[in-house]
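Please keep the sequence and the structure in view while reading.

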Amino acid sequence: MNASVSKEPLDARDRPARLTVGVVGAGRVGPALAASLQLAGHRPVAVSGVSDASRRRAAALLPDVPLVEPAEVLARAELVLLTVPDDVLPTLVEGLAETGAVRPGQLLVHTSGRYGARVLDPALRAGALPLALHPAMTFTGTAVDVQRLAGCSFGVTAPEELRLAAEALVIEMGGEPEWIAEEARPLYHAALALGANHLVTLVAQSMELLTKAGVAAPDRMLGPLLGAALDNALRSGDAALTGPVARGDAGTVAAHIGELRAHAPQAVAGYVAMARTTADRALAHGLLKAELAEDLLVVLADQERRPGGPGPGETR
């Protein structure tokens, strides 16, 4: 598939309503976003991918769109999605700018949560229009991701004069734009990782322990419980805290840790760390009585000091 490339710089205000779209980095995110833009009437024209998995994703979500080198993606597309790992992004942008692949007036969009628009400064100096659009969503690399973008929040960072353009693209993908200041991007991303990434770890670990306890369908058991806990937390924050830590039931917490030491020692450090954090938050919000908190914190401190147990900051 060939796309004609205009030789004249494209001003954002003069752009056609529908854009040619390219993807550099066919991981789980890029093809899904391009497919969403296609549903909005834009036209994917090129995608780059290295691994067999990325090529399969591109073929599934963007059929008939040619696989080409990154520089060729930029040559063909008016809107380019840079969907590569965070640590790769700065070097990629610098390389594309230095080799002259970036064209004046080209919309260059990255999807990193960590970075704002400033990481695209080399491309900005080459005349590109820089946008940081980070979908606050976990991706599977399948067509279900396109459906999940409906109502998904995007962390948006861009120069003020491109704010409306950035928000319009998010809305076309079915998302909800949320403006994030450049300097707040690292904290914003840390917050999302703390919630989403660690949630997966906790749930997977819980399912493993239930299996060891003889539960035949741990996913079915956890589903209603975790769904209710998540809903309550989103509605009420710390007021939704329940369980032995929030109640100050030190004996139960000690028993839990003993069982984990016997059956899943790799889970002890995480349990103790989360129990201490939960106790601190419950105490600060008046849910945990001070006299009960004292015994609980003694139990947790004993575990941290215990030989072979989790020490402060220890990972296992």
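Helices, of at least four residues, and strands, of at least two, are taken here as DSSP runs and numbered from the N terminus. Counted in this way, the chain contains 13 helices and 7 strands. The model is a predicted one. Its C-alpha trace spans about 75 × 40 × 35 Å along the principal axes. Of the 316 residues of the chain, 42% count as buried. Among contacts between residues at least 6 apart in sequence, 62% join residues at least 24 apart.

Strands of a sheet pair through backbone hydrogen bonds, in either a parallel or an antiparallel sense. For β1 (residues 20-24) and β2 the sense is parallel, and the pairing extends over 5 bridges. Within this pair, Gly 22 stands opposite Ala 46 in β2.

Which residues touch the most other members of the largest nonpolar core? In this core of 33 residues, they are Leu 37, Leu 62, Leu 79, Leu 81, Leu 131, Leu 133 and Phe 154. Two or more residues each come from β1, α1 (30-39), α2 (52-61), β3, β4, β5, β6 and α7. Helix α1 gives the most, with 5 residues. Another core lies apart from this one and has 22 residues, among them Leu 82, Leu 92, Leu 108 and Ala 123.

The surroundings of Leu 133 can be followed in detail. When residues up to four places away in sequence are not counted, Leu 133 touches Val 109, His 110, Thr 111, Phe 154, Gly 155, Val 156, Ala 166, Leu 169, Val 170 and Met 173.

Leu 74 provides a further example, placed in helix α3 (residues 70-76). Is this residue buried or exposed? Leu 74 has 0% relative accessibility and the cut-off for a buried residue is under 20%, so Leu 74 counts as buried. Apart from neighbours within four places in sequence, Leu 74 is in contact with Val 24, Val 80, Leu 96, Ala 101, Val 102, Arg 103, Gln 106 and Leu 108. Between Leu 74 and Asp 87 there are 21 Å in space, C-alpha to C-alpha, and the two are 13 residues apart in sequence.

Finally, the reader may turn to a pair of helices. Two packed helices are described by the angle between their axes and by the distance between the axes. For helix α11 (residues 250-263) and helix α12 (residues 268-284), the angle is about 160 degrees and the axes are 9 Å apart. Angles over 145 degrees count as roughly antiparallel, and therefore α11 is roughly antiparallel to α12. Their crossing is right-handed. At the contact, Val 253, His 256, Ile 257, Leu 260 and Arg 261 in α11 meet Val 268, Tyr 271 and Val 272 in α12.

Notes:
Residues are numbered from 1 along each chain as its sequence is written. This is a predicted model: local features need pLDDT of at least 70, side-chain atom pairs count only at pLDDT 80 or more; totals for chains, interfaces and linings use all residues. Side-chain values use heavy atoms; hydrogens and water are left out. Two strands pair if DSSP finds at least two bridges between them. A nonpolar core is a set of buried Ala, Val, Leu, Ile, Met, Phe, Trp, Tyr and Cys residues joined through side-chain atoms within 4.5 Å. Buried means under 20% relative accessible area, exposed over 50%, partly exposed in between (1.4 Å probe, protein chains only). Contact means heavy atoms within 4.5 Å. Axes are lines fitted to C-alpha atoms, for helices over the stretch in contact, and angles run from 0 to 180 degrees between N-to-C directions. Angles under 35 degrees count as roughly parallel, over 145 as roughly antiparallel, 65 to 115 as roughly perpendicular and the rest as oblique. A crossing is left-handed if the near helix is turned anticlockwise from the far one by less than a right angle, and right-handed if clockwise.
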